[in-house]
Amino acid sequence: MESLLEGLLPAEVPVAGATIGDHLAALTAEERTFVETAVPKRQHEFSTGRVLARSILSRLGHPGFPLLRADDRIPLWPEGIVGSISHAGHVCLAAAAPTRVTAGIGLDLEPDEPVEADIERVVCRDGEHDWVAAAGESERGRRRRIVFSVKEAVYKAFYPTTRTFWSFQDVRVEIDLLGEAWRAHLPESAGVAEAEGRVALREGWIVSAIALPPAR
Ligand SMILES: CC(C)(COP(=O)(O)OP(=O)(O)OC[C@H]1O[C@@H](n2cnc3c(N)ncnc32)[C@H](O)[C@@H]1OP(=O)(O)O)[C@@H](O)C(=O)NCCC(=O)NCCS
């Protein structure tokens, strides 16, 4: 499943992917407390994400690290490591790397299925509406979801540092589907004006990914 991410992140960022399954038994007691009362679907996606994260953390020199989470739900990676987890349908993806490689990672996985027109008002702004409208009728629903996915990825890369909520209207993206690339124009709280990431349509999925340049 990690092939879904192939080429979308720098080579120094290890990635992992798997079909979502019941990995509750692999959680530490503390990790389990986060999903003890959750429905099985949630338990499975959470535990699969933890297992994938743990395999990456082993490769990064942190074997057996319990990946707890903060009150605002972000995973608490080891000191000096940043990462991201995304799950959708039956698939889960994860990536993590040292902060000398990247200051933040954002992953988003969405089914490559169209979304209705009303979503566009919430998710898209100025030039994005034009980008959606420029596609044929049958393609517009898909483009709306691509904009959504890219914004989720960039938000997830910045949030652990900014701890600031951004609405979809706070970020503007320009997407080059053929080049599998995008540029996001960011709100002031990001600390930088722009960020560049990748997006690919693969095996029925929209996969968005970004690894921010390391902090100087
Ligand atoms: C955090 C959020 C982006 C998660 O996205 P999602 O599409 O629902 O779900 P995904 O499967 O892709 O990601 C969920 C995982 O992201 C991680 N996560 C949760 N909150 C996060 C945050 N604020 N920042 C970074 N990662 C976060 C967790 O690892 C979570 O999985 P886990 O609970 O099993 O560990 C979304 O729920 C959210 O809070 N959005 C806020 C508004 C927004 O999207 N703004 C975008 C404007 S640009």
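This is a predicted model: local features need pLDDT of at least 70, side-chain atom pairs count only at pLDDT 80 or more; totals for chains, interfaces and linings use all residues.
1. Two strands are said to pair if DSSP finds at least two bridges between them. With that in mind, strand β4 (residues 105-111) and strand β8 (residues 205-211) are joined by seven bridges and run antiparallel, and within this pairing I105 stands opposite A211 in β8. Strand β4 is also mostly covered, since six of its seven residues are buried.

2. On overall dimensions, the C-alpha trace of the protein chain spans about 50 × 40 × 30 Å along its principal axes. A compact globule of 216 residues would have a radius of gyration near 17 Å, and because the protein chain has 17 Å, the two agree. Buried residues make up 40% of the 216 residues in the protein chain, while, among the contacts with a separation of 6 or more, 58% are accounted for by residues 24 or more positions apart.

3. As for domains, the domain assignment divides the protein chain into domain 1 (2-106) and domain 2 (112-211), and the C-alpha centres of domain 1 and domain 2 lie 22 Å apart. Across the boundary, 16 residues of domain 1 are in contact with 18 residues of domain 2. On the side of domain 1 that touches domain 2, β2, β3 (91-98) and β4 each supply at least two residues, and the residues of that side divide into twelve nonpolar, four polar and no charged.

4. Which residues come nearest to the ligand? Of the 22 residues around the ligand, these are S86, K151, Y155, K156 and Y159. The elements that give two or more residues to the shell around the ligand are α2 (40-59), β2 (81-88) and α5 (137-162), and of these α5 gives the most, with seven residues.

5. The make-up of the shell around the ligand also deserves a remark, for its residues divide into eleven nonpolar, four polar and seven charged. Both domains take part in this shell, which draws at least three residues from each of domain 1 (2-106) and domain 2 (112-211).

Note on methods. Residues are numbered from 1 along each chain as its sequence is written. A residue is near a molecule or strand if its C-beta atom, placed from the backbone, lies within 6 Å of it. Helices (H or I, at least four residues) and strands (E, at least two) are DSSP runs, numbered from the N terminus. Ala, Val, Leu, Ile, Met, Phe, Trp, Tyr, Cys and Pro count as nonpolar, Asp, Glu, Lys and Arg as charged, and the others, Gly among them, as polar. Domain bounds come from an automatic or database domain assignment. A residue is buried if 20 or more other C-beta atoms lie within 10 Å of its own, exposed if 12 or fewer, and partly exposed in between; C-beta atoms are placed from the backbone. The radius of gyration is taken over C-alpha atoms; the globule rule is 2.2 Å times the number of residues to the power 0.38. Two residues are in contact if their C-beta atoms, placed from the backbone, lie within 7 Å.
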